[in-house]
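Open the model in your viewer and keep the selection tool at hand. Each stop below tells you what to pick next.

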Amino acid sequence: LVTLCSPAVSVGGEVAPFSHHLLHQTLQAHVDSTGLVNYEGLRDDPAALDDYVDSLAIVSPVSSAQRFRRRNDQLAYWINAYNALVLHSVISAYPIASVADLGGLDGFFKKRLHVVGGDSVSLNHIENEIIRPQFRDPRIHFAVNCGAASCPALDQRAYDGGDIEEHLDQQTRRFASDPGHLRWQDGSLYVSRLLEWYRQDFVETDSSDAALIAFLQSYAPPKLAASMHEHATSIRFLDYDWHLNVQPRKEGEGE
């Protein structure tokens, strides 16, 4: 019998890869096509997410390396873990207006601890001590979701090592196609502040606006990319909205 919560499951003599099916099930049920979350529905039906988070507590690429043989399997795990733990933290206190309501931003991202593979880690540790330095892929910033309205959209499917390259490309193009994150307006290029905070991840040795523009141009829709190529020389960074990425209530729902 294969169970998610076993650190060493054998199938036909082989160690089974870790499954993200429960997170995928959660995302399919409670995230809409725009990336907004039905937190009330998830709070009221948390079983799949609870079980997934329980499995994270036991199994990780550190505690059970044999279940994550490919580098892409490890990356998929850490992205999924981050996203799942954000969701789980929010519904533990929902209704809230922002993740900042859970002890401030530092409290939520740096001080709040989660058990992953038997270790106590923060979201900040997962992102900035594991995902960014170990995998060094700027596209991950469009995959991890911090629970805020200005975060790149949470996808409706979990990440999988088998197609993570395509999935990360898709999410980066989705980000670059969203005027809330990237737009040409009144002769200026407006960009999510995410790229200011993590500038070095996108431009490596060249920290200029021109280098950031070149990165974004390769993922932007053709019309926007052409405007960037012809006219953009500098960037204006957008304010970051930390309100929760929650689906609006439908008319007649609740109070």
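**Stop 1: a serine in a loop**

Select Ser122: it is buried, at 8% relative accessible area. Buried means under 20% relative accessible area, exposed over 50%, and partly exposed in between (1.4 Å probe, protein chains only). This is a predicted model, where local features need pLDDT of at least 70, side-chain atom pairs count only at pLDDT 80 or more, and totals for chains, interfaces and linings use all residues. Residues are numbered from 1 along each chain as its sequence is written, and side-chain values use heavy atoms, with hydrogens and water left out.

Ser122 sits in the loop between β4 (119–121) and α6. Helices (H or I, at least four residues) and strands (E, at least two) are DSSP runs, numbered from the N terminus. Now show what Ser122 touches: Phe109, Lys110, Arg112, Leu113 and His114, leaving aside residues up to four places away in sequence. Contact here means heavy atoms within 4.5 Å.

**Stop 2: helix α5**

Select residues 104–111, helix α5. Gly107, Phe108 and Phe109 are buried there.

**Stop 3: salt bridges**

A salt bridge is a side-chain nitrogen of Lys or Arg within 4 Å of a carboxyl oxygen of Asp or Glu. The count comes to 15.

Pick Asp169 and Arg139, whose side chains meet in a salt bridge (3.2 Å, N to O). This pair links distant parts of the chain: Asp169 lies in helix α7 (residues 164–176) and Arg139 in the loop between α6 and α7, 30 residues apart. Which of the two is buried, and which is partly exposed? Arg139 is buried at 8% relative accessibility, whereas Asp169 is partly exposed at 26%.

Move to Glu40 and Arg43, a salt bridge at 3.9 Å, N to O. They are 3 residues apart in helix α2 (residues 39–44), so about one helical turn separates them. Glu40 is partly exposed at 28%, and Arg43 is partly exposed at 29%.

Next, select Glu196 and Arg193, bridged at 2.6 Å, N to O. Glu196 is partly exposed at 33%; Arg193 is partly exposed at 21%.

**Last stop: the whole chain**

Zoom out. The chain holds 11 helices and 7 strands. Its C-alpha trace spans about 60 × 50 × 30 Å along the principal axes. Of its 255 residues, 50% count as buried.
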